[in-house]
Amino acid sequence: MSTLPSDAPLPTPQRVLSGMRPTGALHLGHYHGALKNWVHLQNEHDCFFFVADWHALTTQTQRPEPGVLEQRVYDMVVDWLAAGIDPERTTLFIQSRIAEHAELFTLLAMSTPSSWLERMPSYKEAVADNRELATYGFLGYPLLQAADILLYKASGVPVGEDQAPHVEVTREVARRFNHLHSPAAPILAEPVAMLTDTSRVAGLDGRKMSKSYGNTIAMRDRPEVVDEKIRTMPTDAQRVRRGDPGEPSRCPVWAFHELYSDNETRDWAAAGCRSAAIGCLDCKQPLIKAIQAQQQPWRERAEELLADPKRVHWIVEVGTERARAVARKTLREVRHALGLSY
Ligand code: SF4
């Protein structure tokens, strides 16, 4: 498999593409798992970041209320911008606004063996858990992802280990298309997976941070909300009384120290926990402060953007037009290779 670890960047500025399903306001798990890396990547590469709203439909088994999806899309874009994604340097767009994604998906489907999709671990596992997901759309979602990537001739795709097979399928799809339809001058570029450390960010209860578990801290949670959430977090269950020694590795709070505290604070917390020299509320204080300090500029930028929704729409509009120009060019080449230029 062609992959690049996160510490081996692409050699020169290259086009990098990544997307997120519109989940609404983002939480710290989204930030540490992906968005932080995007902010970093935009300094080195020509980044295309998109709202994967069609992908959201592939697992949606119930119809959402009108307007909900749109709200989620723009809440998420506000969080991207608040976190530091710079629309001057990156191309931000919405997948469903560029019909070329669907056209390339259809055209690639003609030469992609269905077995390539049926064998994807993500498909097999999800369908085994929930038969409602056994739809053609969900089966085809790695191919739609391949179309998303190949449309922009992206060189790199930042992914966690679990998504690397999808980049590999994209490479196979591109190779097969080029071999069948354009052997002399390959049209579709094979991207590499830029392996990113997406090791799960623990939530307030120690499980993966996820809206479905109700254990999140939102990027824009107000300071008093963060204070309340951290103060009421469960701790090492064996530390029943203040005088009982505890063990950080058994405590969900410790995962936050690993993310937010420097060595000195971590040493202080670990020693204080094991000797019962500090209480759990003492231990949580530096975390509350660190998270609130990180969120403050996000909240300020988000407030400005929310006060001016036309600006956010304009940013998306400009990015979508820029992306569409690239997508159209690739599609022209693909149609020509398939003999469809009439
Ligand atoms: S002192 Fe800190 S690490 Fe130890 S149990 Fe309490 S919150 Fe957890």
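# Domain layout and helix packing in a predicted model

For residues 22-30, an unreviewed UniProt entry lists a short sequence motif, the 'HIGH' region. The structure discussed here is a predicted model. In that model, the end C-alpha atoms of residues 22-30 lie 11 Å apart, and the span is 33% helix and 0% strand. The protein is divided into domain 1, which comprises 3-201 + 309-337, and domain 2, which comprises 220-303.

**Domain arrangement**

- Taken over C-alpha atoms, the centres of domain 1 and domain 2 are separated by 35 Å.
- Seven residues from domain 1 and five residues from domain 2 take part in the contact.
- On the side of domain 1 that touches domain 2, helix α3 (residues 68-83) supplies the largest share, with five residues.
- By class, that side of domain 1 has five nonpolar residues, one polar residue and one charged residue.

**Helix α3 against helix α13**

- The axes of α3 and helix α13 (residues 280-306) come within 8 Å and cross at roughly 130°.
- Angles of 65 to 115 degrees count as roughly perpendicular and those over 145 as roughly antiparallel, so α3 is oblique to α13.
- The crossing of α3 and α13 is right-handed.
- From α3, the contact draws on Val78, Asp79, Leu81, Ala82 and Ala83; from α13, the partners are Trp298, Arg301, Ala302, Leu305 and Leu306.
- The contact of α3 with α13 has eight nonpolar, no polar and two charged residues.

**Helix α4 against helix α14**

- Helix α4 (residues 100-109) packs with helix α14 (residues 309-337) at an angle of about 25°, and their axes are 10 Å apart.
- Angles under 35 degrees count as roughly parallel, and α4 and α14 are therefore roughly parallel to each other.
- The crossing of α4 and α14 is left-handed.
- In α4, Glu100, Glu103, Leu104 and Leu107 meet Ala327, Arg328, Leu331 and Val334 in α14.
- By class, five nonpolar, no polar and three charged residues make up the contact of α4 with α14.

Key: Residues are numbered from 1 along each chain as its sequence is written. This is a predicted model: local features need pLDDT of at least 70, side-chain atom pairs count only at pLDDT 80 or more; totals for chains, interfaces and linings use all residues. Axes are lines fitted to C-alpha atoms, for helices over the stretch in contact, and angles run from 0 to 180 degrees between N-to-C directions. Helices (H or I, at least four residues) and strands (E, at least two) are DSSP runs, numbered from the N terminus. A crossing is left-handed if the near helix is turned anticlockwise from the far one by less than a right angle, and right-handed if clockwise. Two residues are in contact if their C-beta atoms, placed from the backbone, lie within 7 Å. Ala, Val, Leu, Ile, Met, Phe, Trp, Tyr, Cys and Pro count as nonpolar, Asp, Glu, Lys and Arg as charged, and the others, Gly among them, as polar. Domain bounds come from an automatic or database domain assignment. UniProt positions are given in the numbering used here, feature names are shortened, and annotations may be inferred rather than shown by experiment.
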